[in-house]
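User: I would like to learn how to read this model feature by feature. Where do we start?

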Amino acid sequence: MTIETYEKAFLALGGATLTAVLLVLLYTSVGIDIHLPTRVAEVDPATVRTTPPFDQPGVRQTGPRQYEAVMLGQAWTFLPQEIRVPVGAEVTFTATSPDVIHGFFIAGTRVNMMLIPGQVSRQTYTFRRRGEYALICHEYCGLGHQGMIGRVIVE
Ligand code: CUA
């Protein structure tokens, strides 16, 4: 084989890979509707602590098996630091940050958000298994980042 043949083969391989990746992206975003969690509302980070619903962080029941967990991620703790829901509960997490960017990841689930000052993040998850789930900040947010851990207790 000549050098030109190799070059053409590599170009074809590159083109095919690119096309395949774009098709997968198109399929996941349009076909099965997978998106990054986007902001659902805006809130002034300077006054968020006195703005409903963030003036009263915590869990409230919104339906027979539905709950809303309003939470703040702040340097370097979650408010509230622990929430309790019954097994089978469908929990909608509504959260934001009053200071810097934090992460909001519940280990063992697909709840994975970024808390961005000024933006409200929201994600819903049904807890089908009993147990204690760690709520972890997975965005580096300063000196106390590694200690920014909360708990979700499903009982
Ligand atoms: Cu908050 Cu890292």
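Analyst: Start with accessibility: buried means under 20% relative accessible area, exposed over 50%, partly exposed in between (1.4 Å probe, protein chains only). Glu 155 has 43% relative accessibility, so it counts as partly exposed. This is a predicted model: local features need pLDDT of at least 70, side-chain atom pairs count only at pLDDT 80 or more, and totals for chains, interfaces and linings use all residues. Residues are numbered from 1 along each chain as its sequence is written, and side-chain values use heavy atoms, with hydrogens and water left out.

User: What is the salt-bridge partner of Glu 155?

Analyst: The criterion is a side-chain nitrogen of Lys or Arg within 4 Å of a carboxyl oxygen of Asp or Glu. Glu 155 meets Arg 84 in such a bridge, at 2.8 Å from N to O. The pair links distant parts of the chain: Arg 84 is in strand β5 and Glu 155 in the segment after β11, 71 residues apart. Salt bridges with shared partners join Glu 82, Arg 84, Glu 132, Arg 151 and Glu 155 into one network.

User: How many salt bridges does the whole structure have?

Analyst: The search finds four. One of them joins Arg 84 to Glu 82, at 3.3 Å from N to O. Glu 82 also bridges to Arg 151, with the closest N and O atoms 2.4 Å apart. That pair is distant in the chain too: Glu 82 lies in β5 and Arg 151 in β11 (residues 149-154), 69 residues apart. Arg 151 has a relative accessible area of 35%, so it is partly exposed.

User: How do I read the strands?

Analyst: Strands of a sheet pair through backbone hydrogen bonds, either parallel or antiparallel. Helices (H or I, at least four residues) and strands (E, at least two) are DSSP runs, numbered from the N terminus. Two strands pair if DSSP finds at least two bridges between them. Here five strands form an open sheet in the order β5-β11-β10-β7-β8, with mixed pairing. Its edge strands, β5 (82-85) and β8 (112-115), each pair on one side only. Strand β7 (residues 102-106) pairs antiparallel with β8 over four bridges, and Phe 105 stands opposite Asn 112 in β8.

User: Is β3 (residues 66-74) mostly covered or mostly open?

Analyst: Mostly covered: eight of its nine residues are buried.

User: How do I judge ring contacts?

Analyst: Rings of Phe, Tyr and Trp (its six-membered ring) pair if their centres lie within 6.5 Å; planes under 30 degrees apart count as stacked, over 60 as edge-to-face and the rest as tilted. The whole structure holds five aromatic pairs. In one of them, Tyr 125 and Phe 127 sit edge-to-face, 4.9 Å centre to centre with 75° between the planes. Both residues are buried. The centres of Phe 127 and Tyr 133 are 5.2 Å apart and the planes are at 75°, so this pair is edge-to-face. Ring pairs link Phe 78, Phe 93, Phe 104, Tyr 125, Phe 127 and Tyr 133 into a cluster.
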